[in-house]
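Work through the exercises below with the coordinates open. Each one gives a task and then a solution in steps.

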Amino acid sequence: MTLALTAENGAHSFDIALDPQSALDLREAIFRGINLAPGSAIPSDGDPRIDRALPGFMFTCGPDHIRHPEAVEGAADGRRYPLHGSLSSHPAKDILFEEDEDEVVCSARIPVSLANGETAELRRRWRADRNTGRITLDDIVTNSGNSPWPPVAMYHVNFNTRLFDETTRLTGAMLDGGSLPWRFGEGDMRIFCVSATETAVDGWADIALGPIAPLGGRSLHVRFRVDTLPYLQVWRNQSPGCHVMGLEPVSHRLAGRQELIASGEMSGFAPGDAVEYGLSFELL
């Protein structure tokens, strides 16, 4: 299924393809026939769920774990949280499309079985504004289980870096100096994570990537709520055969579960409690 978004007074369309078999994440983001998603330019992580998700334009990490596998707290059987958490590969239910002259809306619910034996439900709502060209995501994660557990989230927005040239940069107030070349640092692989709360405006942070020549010199802006996504993680991989960069609004700094739990940064929420996340995409 596809969300079609028309901006710039009908001069072009920005088409977003959703994946109903994997949490209604984004498979493609196509502008004038150019797909921003990395596709085969991204390496395998060795997990079939993630190998399906990573080549897409955006996939969601959570709601019980982010980043690499770690042990489930208190599990005597040695269970581990899977790579990037349990959400990926859970299908969307009760998908509903609504449309008028101003916007297209797609909503769904995603029941999730967690690695710790508990359950969660994600209520997801995509909105495509035909007047402004902005695509907005509103998520609500609810603890539908019987015990408290700490919610976490990271939104992987992945780009095919073959689209970039030497003028393409990252620009955002949370960055040191406000801007970085897209191929920041030394070597083929780099990652960093910075706080976005101090420089946010009205509770939202903005990171831009561009200009991107095949998109007519436009930049893609990713905006995100900093009350529940207070950090931005950025990574790139230009190892042989790889051409990918990720912009990743995230709920927690770059540290292991045990450190975050011990510091009080990962606190449980009770059955029935909910947490909201939000982000948007716009080509300017």
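## Exercise 1: the cavity

In this predicted model, the largest cavity has a volume of about 60 Å³.

Task: Find how many cavities of 30 Å³ or more the structure holds, and describe the lining of the largest cavity by residue, element and class.

Solution. 

1. Rolling a probe the size of a water molecule over the atoms shows where empty space is left. With a threshold of 30 Å³ or more, the structure holds 1 cavity.
2. Collect the lining. The largest cavity is lined by 13 residues. Those nearest its centre are Thr 60, Pro 63, Leu 87, Leu 122 and Val 141.
3. Assign elements. Two or more lining residues of the largest cavity come from each of β5 (58–61), β10 (119–129) and β11 (135–143).
4. Sort by class. The lining of the largest cavity has 9 nonpolar residues, 2 polar and 2 charged.

## Exercise 2: salt bridges

Solution. 

1. Apply the cut-off: a side-chain nitrogen of Lys or Arg within 4 Å of a carboxyl oxygen of Asp or Glu.
2. Read the accessibility. Partly exposed lies between under 20% for buried and over 50% for exposed.

## Exercise 3: pairs and sequence separation

Task: Determine which parts of the chain are tied together by the pair Glu 276 and Arg 225, and by the pair Arg 253 and Glu 265.

Solution. 

1. The side chains of Glu 276 and Arg 225 meet in a salt bridge of 3.4 Å, N to O. Glu 276 belongs to strand β20 (residues 274–283) and Arg 225 to strand β17 (residues 218–225), so this pair ties together parts that are 51 residues apart in sequence. Glu 276 is partly exposed at 40% relative accessibility.
2. Arg 253 and Glu 265 form a salt bridge whose closest N and O atoms are 2.9 Å apart. Arg 253 sits in the loop between β19 (244–250) and α2 (257–262), and Glu 265 in the loop between α2 and β20, so the parts tied together are 12 residues apart in sequence. Arg 253 is partly exposed at 25%, and Glu 265 is partly exposed at 29%.

## Exercise 4: a network

Task: Which residues are linked with Asp 94 in a network of salt bridges?

Solution. Arg 109, Glu 121 and Arg 123 are linked with Asp 94 in this network.

How values were computed: Residues are numbered from 1 along each chain as its sequence is written. This is a predicted model: local features need pLDDT of at least 70, side-chain atom pairs count only at pLDDT 80 or more; totals for chains, interfaces and linings use all residues. Side-chain values use heavy atoms; hydrogens and water are left out. Helices (H or I, at least four residues) and strands (E, at least two) are DSSP runs, numbered from the N terminus. Buried means under 20% relative accessible area, exposed over 50%, partly exposed in between (1.4 Å probe, protein chains only). On a 1 Å grid over the protein atoms alone, a cavity is a set of points where a 1.4 Å probe fits but cannot get out, and a pocket is an open set with protein on both sides within 12 Å along at least five of seven lines; lining residues have an atom within 4 Å of a point. Grid points are joined across faces, edges and corners, and a volume is the space filled by probe spheres set on the points. Ala, Val, Leu, Ile, Met, Phe, Trp, Tyr, Cys and Pro count as nonpolar, Asp, Glu, Lys and Arg as charged, and the others, Gly among them, as polar.
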